[in-house]
Amino acid sequence: MNSTVHLTEQQFYDLLIAAPSEKSPELEHLRDHLLRCPECTAELSRLRQPLADFGSSVTAWASYHSDRRSWTRASHSNPFGTLSAWLLGAAALILLIALPFTTHHDSRTIAAYDATHSKTQAPAAPSTTVGDEALLEEIDQTLSSSVPAPMQPLADPTGGNGSKIDSTSRN
């Protein structure tokens with residue numbers, strides 16, 4: 001019967017995350033256990049394999065794309081690339097500076113239009129203000145009541161029969 005205590009999942013994760021050169025008493029204890037326990041060593045290898053495969057595929061992908069990018073840049077070099085970028089940035093800056101002046105002029109035009117057309121509009125109907133006041137009054141009454149309307153049935157759990165005395169005898 002094998003009475004060896006194996007590493008926990010968290011201890012395996014600590015070993016996976018730790019750098020090989022990292023030194024700590026906890027890591028040294030875990031590494032010593034791996035030297036004595038072939039099951040834990042095999043499990044750690046099984047956990048490391050997907051990470052190693054992922055790392056090698058990422059490295060291969062990056063190498064492939066960096067080679068393609070350097071080839072593309074060499075064949076399509078543009079000596080005016082930085083100059084055109086500066087010119088585009090300067091044009092955008094000029095537009096940003098000029099934009100507030102154009103909107104300011106437009107706002108004066110809109111204000112003048114509103115001033116001339118506001119005189120021709122009819123005033124608000126008084127019936128809407130009366131309706132609003134009635135609604136506000138109803139809300140005020142609802143808020144000031146001791147028991148809200150939806151809770152009224154719960155205010156008297158006897159259903160109005162609390163004052164009556166039950167005269168039937170129990171056997």
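How many disulfides does a search of the whole structure find? The search finds 0, a disulfide being a pair of cysteine sulfur atoms within 2.5 Å. This is a predicted model, in which local features need pLDDT of at least 70, side-chain atom pairs count only at pLDDT 80 or more, and totals for chains, interfaces and linings use all residues. Residues are numbered from 1 along each chain as its sequence is written, and side-chain values use heavy atoms, with hydrogens and water left out.

**Overall fold**
- The chain has 6 helices and 0 strands, where helices (H or I, at least four residues) and strands (E, at least two) are DSSP runs numbered from the N terminus.
- Buried residues (under 20% relative accessible area, 1.4 Å probe, protein chains only) make up 6% of the 171 residues.

**The largest nonpolar core**
- A nonpolar core is a set of buried Ala, Val, Leu, Ile, Met, Phe, Trp, Tyr and Cys residues joined through side-chain atoms within 4.5 Å.
- The largest one holds 10 residues, including Leu7, Phe12, Leu30 and Leu44.
- Helix 1 (9–17), helix 2 (25–36) and helix 3 (38–75) each give two or more residues to this core, and helix 2 gives the most, with 3.
- Leu30 touches Leu7, Gln11, Asp14 and Leu15, leaving aside residues up to four places away in sequence; contact means heavy atoms within 4.5 Å.

**The cysteine pair**
- Cys37 and Cys40 both belong to the core.
- The sulfur of Cys37 has its closest cysteine sulfur in Cys40, at 3.5 Å, which is too far for a bond.
- Cys37 counts as buried because its relative accessibility is 2%, and Cys40 is likewise buried at 2%.

Note on methods. Buried means under 20% relative accessible area, exposed over 50%, partly exposed in between (1.4 Å probe, protein chains only).
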